[in-house]
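Work through the exercises below with the model open. Try each task before reading its solution.

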Amino acid sequence: LRGLDAGWPGQPPVVTGLDLDLDRGERVALVGPSGVGKTTVAATVLGLIPAQGGDATVRGRVGYLAQDAHIFTTTIGENVRIGNRDATDAEAAVALERAGLHLPVDRLVGETGAQLSGGEARRVALARLLVGDFQVLILDEPTEHLDVLTATALMDDIWQTTSDAAVLVITHDPTVIARCDRVVSLAS
């Protein structure tokens, strides 16, 4: 990102002049108070909204782990295949294992994932990233709403399975921040 001004179309930018390089294998925490524009930066990097100024250049495919990733009322395998529609059941199962979840791909998850715990739902969403071929990952509050043990285990699995990707983590969690290579703070 070079001199990035980011904001939603028709609105003034909420982030101005942001410079950020993120290299393969690097983990960067993007921090700041709620409403300062962290998710807006993510949406700009993902190409969901245009930069209002400056430049956002991405080399490789970008995967996104949403703060409250939606779980669809279908099988675990179908939920994982959102990350790669061409993935086989075997590839979805490997992605689930890499995400630390040992559930059958043909298991039904119930109405919007009602049969899954919060940690399991987050791991299904992580498996979506792992089944895809993403070089850049954006994780938006990956540990939010998880107990300490589940959050720690999830982040252990994320770090272990994404060591070759450039990872941008939007977080308020001091434990996650401490495990990143560096921190970029957006001021209010």
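Helices (H or I, at least four residues) and strands (E, at least two) are DSSP runs, numbered from the N terminus. This is a predicted model: local features need pLDDT of at least 70, side-chain atom pairs count only at pLDDT 80 or more, and totals for chains, interfaces and linings use all residues. Residues are numbered from 1 along each chain as its sequence is written, and side-chain values use heavy atoms, without hydrogens or water.

**Exercise 1.** Explain why helix α1 is largely enclosed by the rest of the structure.

*Solution.* 
- Count the buried residues (under 20% relative accessible area, 1.4 Å probe, protein chains only). Seven of the eight residues in α1 (residues 38–45) qualify, so the helix is largely enclosed.
- List them: Lys38, Thr40, Val41, Ala42, Ala43, Thr44 and Val45.
- Find the cover, meaning contact by heavy atoms within 4.5 Å. It includes β1 (2–6), β2 (15–18), β3, β5 (62–65), β6 and β7.
- Look past the helix end. Glycine 47 follows α1 and has a positive phi, near 85°.

**Exercise 2.** Describe the surroundings of arginine 128.

*Solution.* 
- Arginine 128 is buried without a salt bridge (a side-chain nitrogen of Lys or Arg within 4 Å of a carboxyl oxygen of Asp or Glu). Glutamate 78, the nearest side chain of opposite charge, is 10 Å away.
- Look for polar atoms. A polar side-chain atom of arginine 128 lies 2.7 Å from the backbone oxygen of histidine 70.

Methods:
Buried < 20%, exposed > 50% of the residue type's maximum accessible area, 1.4 Å probe, protein only. Lys, Arg positive; Asp, Glu negative; His and termini not counted. Polar contact = N/O pair within 3.5 Å; in protein donor to acceptor, adjacent residues only side chain to side chain. Lists of a residue's contacts leave out its neighbours within four places in sequence.
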